[in-house]
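Please read this note with the model open beside you. Take the points in order and find each place as you go.

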Amino acid sequence: MKNNDINNTDSPPILQDYLSNTDINDPQTLQKNLDFLEKTIRDDYKEIISSIDDHLFMTQDTPGADTGTRRIQEKALYYYVSSGDILRIDEIVASTVYDTERTPRPDSTVYGDVSEDPILYSKYMLIASVTLATRAAIDGGLAEHIAYAISDGFLRHMDKLTDIQKINLLSNKALRTLTYAVHDYNYRNCSLITKTCCDYILRHLHDDIRIKTLADLTHRSPNYISDLFQKELSVRPTVFIRNKKLEYSKVMLETTELPVSAVSDLLAFPSTSSFITYFKNKYGTTPLQYRSKGHSSV
């Protein structure tokens, strides 16, 4: 760019002053600009992450027959069940209690023409929800006999109900019970310290989680935390964190159209190439191949 172009009188006065008084080759100026860019990039990622959590992975009901959106909601919800994310499920249940009082309005374009009776419709929806949550719980490691016992118990109790609000509340209770069962079963031989670390990891998959962070959280040394994970979960914290991020990346690949590089960045992998390598080693396919094989719901 020529100097007379920089000082063009058509430029805003503030920009003219900045350009005329700034040496763009000055190392301090370059570093300052880089720091600014890094900060804005981090802020952008936070906004993207927030958008994903609040929009793409939303758990509130959405009006209308948007089957794509509903499917995304389902995938996100049942991921939380399978991962035993009790904090997230508690948030969801608490935020949807108010919605249990409404009388359901059957929509054949979304769920099929299952029943015109609101009570029967609520029961059919409960059966579908509990069935999917039970499968998710089993996928998350819960023993089948425990998962089916919980499912059968809720469905037997459903038969006695004739109140729509109680039926709708029962659906939330079933989700919560199955999620807690996954959490408690998977960490049944773990100390409170390990459980605290695992809960923190599930809530911060978008962050660059270090062992020191877990150590500071529990007031223990990094070596202590590392040895405790190996003893109680048969895996080091770094591997546990990476595996949970990879599990979550599958949900992102299925429910969004984000580029693989963006998924990698949002889950704080060291690089896109490392993310692809880890993903392929764990699932036997690359992220792009996984998405192209029909796993995407978008």
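1. A definition comes first. A residue is called buried when its relative accessible area is under 20%, exposed when over 50%, and partly exposed in between. Now apply it. Arginine 220 has a relative accessibility of 39%, so arginine 220 counts as partly exposed. Keep in mind throughout that this is a predicted model.

2. Next, the overall picture. The protein chain has 16 helices and zero strands. Its length is 298 residues, and 39% of them are buried. The chain exposes about 17000 Å². Carbon and sulfur atoms supply 52% of that area. Look at the contacts too. Take those between residues at least 6 apart in sequence: 64% of them join residues at least 24 apart.

3. Now a pair of helices. How do the axes of H7 and H8 cross? Helix H7 covers residues 118-139 and helix H8 covers residues 144-158. Their axes come within 9 Å and cross at roughly 170°. Angles over 145 degrees count as roughly antiparallel, so H7 is roughly antiparallel to H8.

4. Which residues make this contact? From H7 come Lys123, Leu126, Ile127, Val130, Thr134 and Ile138. From H8 come Glu144, Ala147, Tyr148, Ser151, Leu155 and Met158. Sort them by type and you get eight nonpolar, two polar and two charged.

5. Stay with one of these residues. Serine 151 sits in helix H8. Is serine 151 buried or exposed? Its relative accessibility is 7%, so serine 151 counts as buried. Leave aside the neighbours within four places in sequence, and serine 151 is in contact with Val130 and Thr134.

6. Check the cysteines. How many disulfides are there? The count comes to zero. A disulfide needs two cysteine sulfur atoms within 2.5 Å. For cysteine 197, the closest cysteine sulfur is in cysteine 198, 6.8 Å away, and therefore too far for a bond. Cysteine 198 is in no disulfide either. The cysteine sulfur nearest to that of cysteine 198 belongs to cysteine 190, 6.1 Å away. Cysteine 197 is buried, at 0% relative accessibility. Cysteine 198 is buried, also at 0%.

7. Return to arginine 220. Where is it placed? Arginine 220 lies in the loop between helix H11 (211-218) and helix H12 (222-233). Neighbours within four places in sequence aside, arginine 220 is in contact with Ile193, Ala215 and Ile225. Take isoleucine 193 from that list. Arginine 220 and isoleucine 193 are 27 residues apart in sequence. Their C-alpha atoms are 9.1 Å apart in space.

8. Histidine 219 is in the loop between H11 and H12. Its phi is near 60°, a positive value in a residue other than glycine. Histidine 219 has a relative accessible area of 70%, which means that it is exposed.

9. Finish with alanine 268. Which loop holds alanine 268? The one between helix H14 (260-266) and helix H15 (272-283). Phi of alanine 268 is near 60°, again a positive value in a residue other than glycine. Its relative accessible area is 22%, so alanine 268 is partly exposed.

Conventions: Residues numbered from 1 in each chain as written. Predicted model: local features only at pLDDT ≥ 70, side-chain atom pairs only at ≥ 80, totals over all residues. Heavy atoms only, no water. Helix = DSSP H or I, 4+ residues; strand = E, 2+ residues; numbered from the N terminus. Buried < 20%, exposed > 50% of the residue type's maximum accessible area, 1.4 Å probe, protein only. Contact = heavy atoms within 4.5 Å. Areas by Shrake-Rupley, 256 points an atom, 1.4 Å probe, with all protein chains shown as cover. Axes fitted to C-alpha atoms, helices over the stretch in contact; angles between N-to-C directions. Parallel < 35°, antiparallel > 145°, perpendicular 65-115°, else oblique. Nonpolar A, V, L, I, M, F, W, Y, C, P; charged D, E, K, R; others polar.
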